[in-house]
Amino acid sequence: MTAAEGSGRLPAVNLRSSSVRVVGLSLLIALAAAAATAAGIFEKLENLAYDAALRLGAKHPKDPAVVVAAIDESSLERVGRWPWPRSRTAELIEAISAGGPAAIGIDIGFFEPDRERPAGDRALAEAVARAGNVVLPVYLAARPSLGEMVAFLDPYPGLAEAAAGRGHVHTEPSLDGITRKIYLRQEIAGESRWAFGLAAAAEFLRRTGREGRITAGEGGVRVGEIDIPSPARPFSPPGPEAGLIVQEYPLYIRFAGPGGTFLRLSAWEILQPGFPRKIFRDKIVLVGATAPGLGDLAMTPLSTERDPMPGVEIQANIVNTILSGQFVTRPPFAAAAALILILSLLSGRIFHRRSGRWGLLWLPVLLIAAAGLYLLLLLRFRIWLEVWPLLAVIAANYLAVSGSQLAFLFRSLDSEIGTLSRRERISSSPPAGEGSEESERFFSFLASLLGIDRALLLLGEGKGKTLTPVEAWGAADRSAPGTVNFPAEGFSGRPRQLGGPEAAEFFPGREIDPGSWLLLPLEAGEGKTGGLALGRGDGRPFSPEEEEIGRLAAFHLGQALRKAGEARRSGDGGKLPVDFFRQAGLERKIRILRFLSRSLADERSLLSAMLSAIADGVVVSDLLGSPLLLNRPARELLAELDERPERLRIIPFLSRLLNLPEGELAARARKIITAGETFAGEAEVGDRAYLVSLSAFRRGGGPAGGLMAVFTEITPLKKLDRLRAETMAMLSHEIARPISGIIGFCNLSDQGLVRPEEIGEYLELIRNAAAGLKELLADYLAVARLEAGAETIGREDLDPAGLIGETFRILAGRAAEKKIDLEEAIPSPAPELRGDVKLLGQVLENLVANAISYSPAGSTVTVALSRSGKRTVLRVTDRGPGVPEEEREKIFEKFYRGKQTRDIPGTGLGLAVSAEIVRRHGGEIIVSPREDGGTVFTVSLPVGEENPTS
């Protein structure tokens, strides 16, 4: 034995492939990578790498001359809903033009005349003409007059002539929906348009005293002194026909950052008389919509799904890219293919000469070098070289060279080792003797599935004519005299059913109860054959489905018995069923077997770890009734149910958990195993709800290996469903009642049943019902806006005394009706209070109004203010009935009304609105009882924070 073999390592073998074979493999890999590149197979991965490089690398600098005039939410709130009158847009253009910008780009489409307000059209055209530097957008749209083919959609006549330029605003998203490039020129039926950003940049250059003429050539586009390298046509379309878009000169947009990178000014601010319009001096101002749902939004490499970029900001990045003169280019395909070939040959030679562990060390070195070259060219020289083909050829060469070396090793291993390694994947515990836990579990499992009450395990020599019972279960008796008088080779056929008389012949010398038996063949290993006899005392025959279940169980039982026999022989020092010929080869094979054993154990541990990482509980059981795998959530669930995993019987367990009869679940399990069906049901464990899915698993397309139960917690979904039902019920009740009253009063009036002196009273009732509806909807919308983050939270220094005094003045009438005194307790000096005066006033008004509503007549409601550390604390105290402890966590939920508030009008939304406002301010609100009766609502707000909590 060599030193290497004695140390437990495999002997060193020269497995290097020939140089000619390595070169051939490298050439083949390079050809495949180049073909995949040309076919665009790596395109999605390349786009991801490009986006990651842009996010990791230095951001492209922004040009301070680019300004965005945004039609944002604040503009819609103050100026009015969209669309604005075109006269208002004209005012906006004139306000911007008054500041002396070099160019104005309007990313808003005006394609049809406003026939109802032609004066607005004239005002807009005159404003554009007076400015003299306005660039308007051109859209692409299907035209019914052209048979739904695409055509250019220009501004309406009069406006188009007044503009200094026009350009298409069509961007070209990639297959993954992310916008990375545009085409600088588009042509339809011989009519072409330059890109909007290019036209705006040209106008800017002209107005700032530079050359702004746009010219095109085979190598790219030139605007003034700026050369934009780009292929004339990245593909070869047919000739210009109606409706066919010809896209030329692609430009990769170098984004300066996510949305909001460029100076963004709100349109309503620009329209204000006192706005400093000199900020527009010599700037290029792009006007467009940024309000959600108003303008076009697109994903970019630097934006997120929650924050897509408005189209006007994409145009700003296009202008910024052109004005910077720094463009991303892609090398010709021939150059990329040549680099792929060189790298493939180089990596193949390195892995060929540095095999084994050195090759494994060279693999990450070459991969990192290729990635570094990609980043260097892209971020430093702005050359986008496709990196994934390079990584692919490196990895493929490593796998090819290593595979050719390993092929020699695997060919030297004999087929029995491979067979054993595959069979090792079937891991089950066979019955280990009559009365053992394994035997009880196995036969109980079959009893659950097949409804048997007796069973016999029969074994005999491979060439014998009889089989001897070695294990019995249930009503069967192994100790009775005689053997099974049945030729062993008879078990090589299909399962066989026996009735009472036949069973007597099958078991000579035994007294067999009337019934039916199912005889199943199995291969027990160790040169033995065997069978499994399953019986029913009630005489019911076995269905074909039950025969198939029994056959599968016998198959897995035979596999388990064979494995156990091989393990015993190995442990007893017997010869393994492999001829190794030489001592060194024998030791080598033994080391491989040990390696396979450890690998199988590692694989099982890995699978167990992966299952434990799954949030759902997973229980896998084989067809011998043994639990194979349980992940951590499943073990926790079993522990909660006081079930021991090692004694788990899956069908009775699931029957109890799902509250199903065991027979019904067994019938479903048979369908699952034989027909591949699935089953799902819901179960409750404590206060949690689970969706239980039951299915069969198979190994490599073979027979069913067992059952797998997956426990998915659906408690949050159940809670959401209950909340939805409660909300709908509350809304239906609260809305239906006043509406019914209004309709009823109107019907009475229509029928002439209302006396003149009663009209005022009915009108007051209708007014109160409508006011209640308005209050309900206002509160509900307020909660929705706050929860959605649509409400802007102001941060300013507030006057606590003034805030409390204003609240008291608003509620003075309501307090006077119940003879309730309103008191304030504010120390001097008053604690600092910062926040949104409107929203915090709403919180205080809600709390004080509730205190008045629930306090007895003649009592006092107190509002106190104090300082606690870095927080200002506001307390509203009443003398009402108080809030029960079980309701204190629920009263801040929408529509919740306590038991003691049923007779007091309200929507159940006031406290929900208040709690959300306080949360958005970064504070908290709690309710607690007074010692002498009543309730204290405590609001704690941070002091000195710049932004509220979102």
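Two strands count as paired if DSSP finds at least two bridges between them. Keep that in mind for the sheets on this tour of a predicted model.

**Stop 1: a three-stranded sheet**

Select β9, β10 and β11. These three strands form an open sheet in that order, with antiparallel pairing. Look at the two edges. β9 (214-217) and β11 (226-229) stand there with a single partner strand each, so one side of each has no neighbour in the sheet. From one strand to the next, the twist averages 20°.

Now zoom in on β10 (residues 220-223). Four bridges pair β10 with β11 in the antiparallel sense. Pick glycine 220: opposite this residue, in β11, stands proline 229.

**Stop 2**

Which of the two is buried? Glutamate 203 is, with a relative accessible area of 3%.

**Stop 3: salt bridges between elements**

The structure holds 31 salt bridges. Two link separate elements and deserve a visit.

Select glutamate 545 and lysine 671. Their side chains meet in a salt bridge at 3.8 Å, N to O. Glutamate 545 sits in helix α17 (residues 544-571) and lysine 671 in helix α21 (residues 662-675), so the pair ties together parts that are 126 residues apart in sequence. Glutamate 545 counts as buried at 19% relative accessibility. Lysine 671 is partly exposed at 41%.

Next, select arginine 688 and glutamate 640. This salt bridge spans 2.1 Å, N to O. Arginine 688 belongs to strand β25 (residues 688-698) and glutamate 640 to helix α19 (residues 632-640); the pair links distant parts of the chain, 48 residues apart. Arginine 688 is partly exposed, with a relative accessible area of 26%. Glutamate 640 is also partly exposed, at 40%.

For a network, show Asp154, Arg166, Glu191 and Arg193. Salt bridges link these four.

**Stop 4: a five-stranded sheet**

Move to the sheet with the order β28-β30-β31-β33-β32. Its five strands form an open sheet with mixed pairing. Which strands stand at the edges? They are β28 (821-825) and β32 (924-929), each with a single partner strand, so one side of each is left without a neighbour in the sheet. Here the twist averages 15° from one strand to the next.

Focus on β31 (residues 871-877) and β33 (residues 935-942). They run antiparallel and are joined by seven bridges. Select valine 873: its bridge partner in β33 is serine 940.

Now bring in two helices. Helix α24 (residues 800-817) lies across β28, β30 (860-868) and β31, at about 170° to β28. Helix α25 (residues 837-854) lies across β28, β30, β31, β32 and β33, at about 25° to β31.

**Stop 5: a nonpolar patch**

Finish on the surface. Select Val23, Leu27, Leu341 and Leu345, which form a nonpolar patch with about 300 Å² of accessible area together. Helices α2 (19-38) and α11 (333-353) each give two or more residues to the patch. Valine 23 is in α2. With a relative accessible area of 42%, valine 23 is partly exposed.

Methods. Residues are numbered from 1 along each chain as its sequence is written. This is a predicted model: local features need pLDDT of at least 70, side-chain atom pairs count only at pLDDT 80 or more; totals for chains, interfaces and linings use all residues. Side-chain values use heavy atoms; hydrogens and water are left out. Patches are made of residues with over 30% relative accessible area and no salt bridge: like charges are joined within 9 Å, nonpolar side chains (Val, Leu, Ile, Met, Phe, Trp, Tyr) within 5 Å. Accessible areas come from the Shrake-Rupley method with a 1.4 Å probe; for residues, only the protein chains shown count as cover. Buried means under 20% relative accessible area, exposed over 50%, partly exposed in between (1.4 Å probe, protein chains only). Axes are lines fitted to C-alpha atoms, for helices over the stretch in contact, and angles run from 0 to 180 degrees between N-to-C directions. Contact means heavy atoms within 4.5 Å.
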